[in-house]
Amino acid sequence: MECYPILCFLDAHYLVVSTTIVSGQTLKGTGSVTGNVTVADGGILAPGNPKGTLLVKGNVTLGATSTFVVNCDSSGYGQLQVTNGVINLASATLSVVQGSEICSENMWIINNHGASAISGTFNGLPEDSVLKVNGQLFKIHYSADFASQASTGGKDVCLKAIIMPRVKFY
């Protein structure tokens with residue numbers, strides 16, 4: 001992991017043991033963290049680089065004023081995958097950053113392999129809330145199931161694309 005005053009960058013070649021991201025710092029990239037990840041108030045967690053999976057083998061705790069960033073475009077998105085731990089969203093802010101091409105697929109932003117359901121929600125986004133990203137509508141589900149690709153019945157977080165029907169005018 002490379003850390004600078006405001007950025008910690010993880011790529012597939014690194015294995016980090018537990019880390020805390022403090023206010024003003026960002027943890028982004030792909031690869032694995034063996035241990036807990038705590039994102040303090042004012043810190044940023046941005047899985048992917050900008051796309052790809054960040055695997056955490058431990059607990060993930062977000063501070064109430066931290067930010068979880070998902071980058072997406074038509075070729076993919078960033079995902080947090082958690083095993084052997086619990087996830088606490090604690091009303092953190094969700095920021096979806098759209099690339100130059102529209103991301104219109106379902107995005108499984110948190111793939112939770114832990115035994116427990118995710119604790120908390122993102123700030124202002126209760127279950128089934130609709131958010132708009134560059135004109136594309138998504139509905140958020142905190143109990144989605146990645147394995148079956150269902151909006152319910154699991155413990156993953158999915159942003160499900162709302163596809164609006166095209167209307168022909170004559």
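## Exercises on a predicted all-strand model

The side chains of Lys-51 and Asp-73 form a salt bridge, with 3.1 Å from N to O. Keep in mind that this is a predicted model. Let's work through it together.

**Exercise 1. What does Glu-101 contact beyond its sequence neighbours?**

Step 1. Find Glu-101 in the loop between strand E12 (93-98) and E13.

Step 2. Set aside the neighbours within four places in sequence; Glu-101 is then in contact with Asp-73 and Ser-74.

**Exercise 2. How many residues of strand E13 are buried, and which strands does E13 pair with?**

Step 1. Go through E13 (residues 107-112). Six of its six residues are buried, so the strand is largely enclosed by the rest of the structure.

Step 2. Take one partner. Strand E10 (residues 76-83) pairs with E13 in the parallel sense over three bridges. Here Leu-80 has Ile-110 of E13 as its bridge partner.

Step 3. Take another partner. Strand E16 (residues 156-162) runs antiparallel to E13, and three bridges join them. In this pairing Trp-108 stands opposite Cys-158 of E16.

Step 4. Consider the side chains. In a regular strand they alternate between the two faces of the sheet.

Step 5. Compare contact lists, leaving out residues up to four places away in sequence. Ile-109 touches residues including Phe-68, Leu-94, Phe-122 and Leu-159. Asn-111 touches Gln-79, Leu-80, Gln-81, Val-82, Phe-146 and Asp-156. Asn-111 lies in E13 and is buried, with a relative accessible area of 4%.

**Exercise 3. Which residues have the most contacts inside the largest nonpolar core?**

Step 1. Note the size of this core: 39 residues.

Step 2. Pick out the residues with the most contacts inside it, namely Phe-68, Leu-94, Met-107, Ile-109, Ile-110 and Phe-122.

Step 3. Turn to the cysteines. Cys-72 is buried at 3% relative accessibility, and Cys-158 is buried at 2%. A search of the whole structure finds zero disulfides.

**Exercise 4. How would you describe the chain as a whole?**

Step 1. Start with secondary structure: the chain has zero helices and 16 strands.

Step 2. Turn to burial. Of the 170 residues, 46% are buried.

Step 3. The chain exposes about 8200 Å², with carbon and sulfur atoms supplying 54% of it.

Step 4. Finish with contact range. Among contacts between residues at least 6 apart in sequence, 50% join residues at least 24 apart.

Terms used. Residues are numbered from 1 along each chain as its sequence is written. This is a predicted model: local features need pLDDT of at least 70, side-chain atom pairs count only at pLDDT 80 or more; totals for chains, interfaces and linings use all residues. Side-chain values use heavy atoms; hydrogens and water are left out. A disulfide is a pair of cysteine sulfur atoms within 2.5 Å. Buried means under 20% relative accessible area, exposed over 50%, partly exposed in between (1.4 Å probe, protein chains only). A salt bridge is a side-chain nitrogen of Lys or Arg within 4 Å of a carboxyl oxygen of Asp or Glu. Helices (H or I, at least four residues) and strands (E, at least two) are DSSP runs, numbered from the N terminus. Two strands pair if DSSP finds at least two bridges between them. Contact means heavy atoms within 4.5 Å. Accessible areas come from the Shrake-Rupley method with a 1.4 Å probe; for residues, only the protein chains shown count as cover. A nonpolar core is a set of buried Ala, Val, Leu, Ile, Met, Phe, Trp, Tyr and Cys residues joined through side-chain atoms within 4.5 Å.
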